[in-house]
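Have the sequence and the model open side by side for this one.

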Amino acid sequence: MNPTLVFFIIILCSTSISICLADNDNLQDACPTNTTVTRMVFINGFPCKNPSSISSADFTTSNLKDAGDTDNFLHSSVNIVTAADFPGLNTLGLSIARTDLDLDGMVMPHSHPRASELFFVRKGIVLAGFIDTNNTLFESLINEGDVFLFPRGLLHFCMNAGYEPAIAFSVMNSQNPGVVSIGGAVFETDKLLIDKIVRRLISVQGTNMANFSKIHIQ
């Protein structure tokens, strides 16, 4: 076979593999974030600690142990933990999050431009869904122990559909997934879609909608 053609195939395959990854692959076992240095050069990620100073504490976090503050208009809280807060995540292409939903709580539509999200319900009943590029709504009522997938870059949301506070944990395949929050602006232009979501929540939650009516965009 022509050596030039072989070289081209190798380059094409290696490039395709890289494109499929959410983040670039790590080049060593672990590279915990060095949080003690001032960043003088900005790279795609964070500087690594000296390997001799890596410890078990770099791979442990308690940042998701406590409930977030849901005393707000949406009765919800989302806490995303990235490599900036959890050193062990650096270069591994992962981040984690905790979502707390009080009664009638809702996380407005948003997207993560650099990550897909696995959404695991730890407690309660949650209505979760996303909207694809054809403006089609995919939603599901998920119970404790269930998992819902939010594809990368697509608008998604969740609502408490039960009669007690709900808790969910997420894993995203990027150490810095990013958040684009455009909820109100998008739904203002498509009242049929928000009405469909509201009717769906009413159907599963009955008359327990006193606070949720505040969220409906008029």
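One definition first: a residue counts as buried when its relative accessible area is under 20%. Also keep in mind that this is a predicted model.

With that cut-off in hand, look at β8, which covers residues 155–160. Six of its six residues are buried, so by the under 20% rule the strand is mostly covered. In a regular strand, side chains alternate between the two faces of the sheet. You can follow that here: Leu155, Phe157 and Met159 point one way from β8, while His156, Cys158 and Asn160 point the other way, and all are buried.

Now zoom out to the sheet. Five strands make it up, in the order β6-β5-β8-β3-β10; it is open, and the pairing is antiparallel. At the edges stand β6 and β10 (180–181), each with a single partner strand, so one side of each has no neighbour in the sheet.

What sits on either side of β8? The order of the sheet puts β5 and β3 there. Between β3 (residues 106–111) and β8 there are three bridges, with the strands pairing in the antiparallel sense. On that side, Val107 stands opposite Cys158, and His110 faces His156. Toward β5, six bridges do the joining, again antiparallel, and Leu127 stands opposite Met159.

Next, the nonpolar packing. The largest nonpolar core has 14 residues, and Phe119, Val126, Ile142 and Cys158 have the most contacts inside it. At least two residues of this core come from each of β4 (117–123), β5, β7 (147–150) and β9 (166–172). The biggest contributor is β5, with three residues. There is also a second, separate core of eight residues, including Met106, Ile131, Leu137 and Met159.

Last stop: the loop between β5 (126–131) and β6 (137–142), where you'll find Asp132. Is Asp132 buried or exposed? Its relative accessibility is 19%, so Asp132 counts as buried. A polar atom of the Asp132 side chain lies 2.9 Å from the backbone nitrogen of Asn134. Beyond four places away in sequence, Asp132 touches Phe138 and Leu154.

Terms used. Residues are numbered from 1 along each chain as its sequence is written. This is a predicted model: local features need pLDDT of at least 70, side-chain atom pairs count only at pLDDT 80 or more; totals for chains, interfaces and linings use all residues. Side-chain values use heavy atoms; hydrogens and water are left out. Helices (H or I, at least four residues) and strands (E, at least two) are DSSP runs, numbered from the N terminus. Buried means under 20% relative accessible area, exposed over 50%, partly exposed in between (1.4 Å probe, protein chains only). A polar contact is a pair of N or O atoms within 3.5 Å; within protein, one must be able to donate a hydrogen and the other to accept it, and residues adjacent in sequence count only if both atoms are side-chain atoms. Contact means heavy atoms within 4.5 Å. Two strands pair if DSSP finds at least two bridges between them. A nonpolar core is a set of buried Ala, Val, Leu, Ile, Met, Phe, Trp, Tyr and Cys residues joined through side-chain atoms within 4.5 Å.
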